Amino acid sequence: MCARKAGRKKVSKMVAVRVSNLVKSFVDGDREIQVLRGIDFSIAQGDFVAITGASGTGKSTLVYQMGLLDEPTSGSVFVGNKNAGKMTVLERTAYRLNHFGFVFQDYALIPELRAWENVALPVLMRGASRQKARKQASVVLDRFGMADRINHFPNQLSGGEGQRVSIARAIVHQPKVLFADEPTANLDSDRSRQIIDIFHELHRDGQTIVMVTHEMEYAKEAVQVVVMHDGSIA
């Protein structure tokens, strides 16, 4: 019998977010400052991408465009197969709520809400009952080792715990893309390591992650590293 080696079939990934000739400018007095200079870039479903570079190179601005938190001066942003420029404000808001999760440098937790209530917000905003939202929030917080902190307020949490709550809130509704803007900037090395390990775990489970960081040590742990310089991809 003749044996034949089977070739591995290449599987193409679906594009989660794509930007085309993206330009973003800000006006400072009588001066126009161009922060993004005609960027073409795409992120496939399942990627773990780190965007890095010096301060002021446009890293966070690029993520805000891809995450539909801001609108470009010119160029296009595509989310899935939709042109975000043709969406209404309500459609963009709904897309963010249903398909994206966000982790911010300052955690952006609501101080009057307990940990589980902060995490439950995206689920409640999608129309779930308070009971269901609390159950989903508790499951994610337990996964991140926060089961004994679910009733604590943000000011009762350490920096690392606050960021874990922030990540739990970002993924509780199983978003297509998780955007993290400088998620380790306010943390010491041990707590930063915990956050990066969480991202690795999420990525192994299939989560698409876009992480902005100026720390090359952590950027190198992503599958793809994008370096920005003066508003362009270097």
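Q: At roughly what angle do the axes of helix α4 and helix α5 cross?
A: This is a predicted model: local features need pLDDT of at least 70, side-chain atom pairs count only at pLDDT 80 or more, and totals for chains, interfaces and linings use all residues. Residues are numbered from 1 along each chain as its sequence is written; side-chain values use heavy atoms, without hydrogens and water. Helices are DSSP runs of H or I with at least four residues, strands are E runs with at least two, and both are numbered from the N terminus. The axes of α4 (residues 130-143) and α5 (residues 159-171), lines fitted to C-alpha atoms over the stretch in contact with angles from 0 to 180 degrees between N-to-C directions, come within 9 Å and cross at roughly 135 degrees.

Q: What does that make α4 relative to α5?
A: Angles under 35 degrees count as roughly parallel, over 145 as roughly antiparallel, 65 to 115 as roughly perpendicular and the rest as oblique. Therefore α4 is, relative to α5, oblique.

Q: Which residues in α5 do Val140, Leu141 and Arg143 in α4 meet?
A: Contact means heavy atoms within 4.5 Å. By that test, the three α4 residues meet Val165, Ala168 and Ile171.

Q: How many residues of the contact of α4 with α5 are charged?
A: Ala, Val, Leu, Ile, Met, Phe, Trp, Tyr, Cys and Pro count as nonpolar, Asp, Glu, Lys and Arg as charged, and the others, Gly among them, as polar. Five residues of this contact are nonpolar and none is polar. The charged count is one.

Q: How many of the residues of helix α3 are buried?
A: Buried means under 20% relative accessible area, exposed over 50%, partly exposed in between, with a 1.4 Å probe and protein chains only. Trp116 and Glu117 are among the buried residues of α3. Their cover includes α2 (89-99), α4 and α5. Of the eleven residues in α3 (residues 115-125), the buried ones number eight.

Q: Why is strand β8 largely enclosed by the rest of the structure?
A: Thr208, Val210 and Val212 point one way, Ile209 and Met211 the other. β8 (residues 208-212) is largely enclosed because five of its five residues are buried.

Q: Which residue stands opposite Ile209 in strand β7?
A: Two strands pair if DSSP finds at least two bridges between them. β7 (residues 177-181) and β8 pair in the parallel sense over five bridges. Opposite Ile209 stands Leu178.

Q: Which residue in the turn of the β4 and β5 hairpin has a positive phi?
A: β4 (residues 74-79) and β5 (residues 82-83) pair in the antiparallel sense over two bridges. Two residues lie between them. The one with a positive phi, about 65 degrees, is Gly80.
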